[in-house]
Amino acid sequence: MKIAIMGAMPEEIEPLLSKVTNIRKSEYAANTYYQAEYAGKEIVIAYSKIGKVFAALTATILIEKFKCDRLLFSGVAGAIDPDLDIGDLVIADGLCQHDLDITAFGHPHGFVPEGEVCIPTDPYFRKIAKEIAVKKGLPLKEGIIATGDQFVANVERKNWISKTFDAHALEMEGASVAVVCNALDIPFFILRAISDSADMDAGFDFDKFLEGSAKVSADFILEMVESIEQ
Ligand code: ADE
């Protein structure tokens, strides 16, 4: 077993790099990959840079070049569900692309022929995440996460995404990682901690809470790595 752990930004992987051992750094396709060990398991850590295209590229390289056979994503998200506060954890049961639009041809939002609107995450990873949350007494929400190449700082757009996809949170990478892992048959999991509410204050909140929320997510992911057995 070799587990990929991805983030989108340096802040999302730094808390991981500070805890893993035997780090070996390599450069590939204009990015840095960190092979390391944690809890007796081989892992490879990278941040992709922001957005769906960079995330798809990094996920593909982690699988095809570094031979990872599991992928966990750790990072931050904007809340849609009003019950989600800053720092709360949310796991995706499925991911959709809110900015994928060929509705002009009669298709639903987020759909392209031969694809699916929502790609489900691995049930085993969701199960161990919920067990850890119960053990630690941490609130953990599960729901749809919507992805798009857009930082959402607008209540109308957020409400539209909520209504159209029944999404609980939004971010800019998860669904593209889902497309890659689904196509390559790699079990994957997307975890996010809330950094903002995707409203007019989102830019300010994001800057203020990115580091703290990214650490909440990264610490939880490492707990999961300890628990993974299959
Ligand atoms: N990631 C964290 N907050 C976000 C937001 N408001 N929009 C898009 N991605 C995000």
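I began with V152: one of its backbone N or O atoms lies 2.8 Å from a nitrogen atom of the ligand. I count a polar contact as a pair of N or O atoms within 3.5 Å. The protein covers 96% of the 260 Å² of accessible area that the ligand has on its own (Shrake-Rupley method, 1.4 Å probe).

The model is predicted, so I used local features at pLDDT of at least 70 and side-chain atom pairs at pLDDT 80 or more, while totals for chains, interfaces and linings use all residues. Numbering runs from 1 along each chain as its sequence is written, and side-chain values use heavy atoms, without hydrogens and water.

A backbone N or O atom of G78 lies 3.2 Å from a nitrogen atom of the ligand. For D196, a side-chain N or O atom is 2.6 Å from a ligand nitrogen.

Next I looked at which elements give two or more residues to the shell around the ligand. They are strand 5 (70-79), strand 9 (167-171) and strand 10 (188-196); strands are DSSP runs of E, at least two residues, numbered from the N terminus. Strand 5 gives the largest share, three residues.

Last, I turned to salt bridges (a side-chain nitrogen of Lys or Arg within 4 Å of a carboxyl oxygen of Asp or Glu). The structure holds 13. In one of them, the side chains of D83 and K141 meet at 3.7 Å, N to O. I placed D83 in the loop between strand 5 and strand 6 (89-97), and K141 in strand 8 (residues 140-147), 58 residues apart.

Terms used
A polar contact is a pair of N or O atoms within 3.5 Å; within protein, one must be able to donate a hydrogen and the other to accept it, and residues adjacent in sequence count only if both atoms are side-chain atoms. Helices (H or I, at least four residues) and strands (E, at least two) are DSSP runs, numbered from the N terminus.
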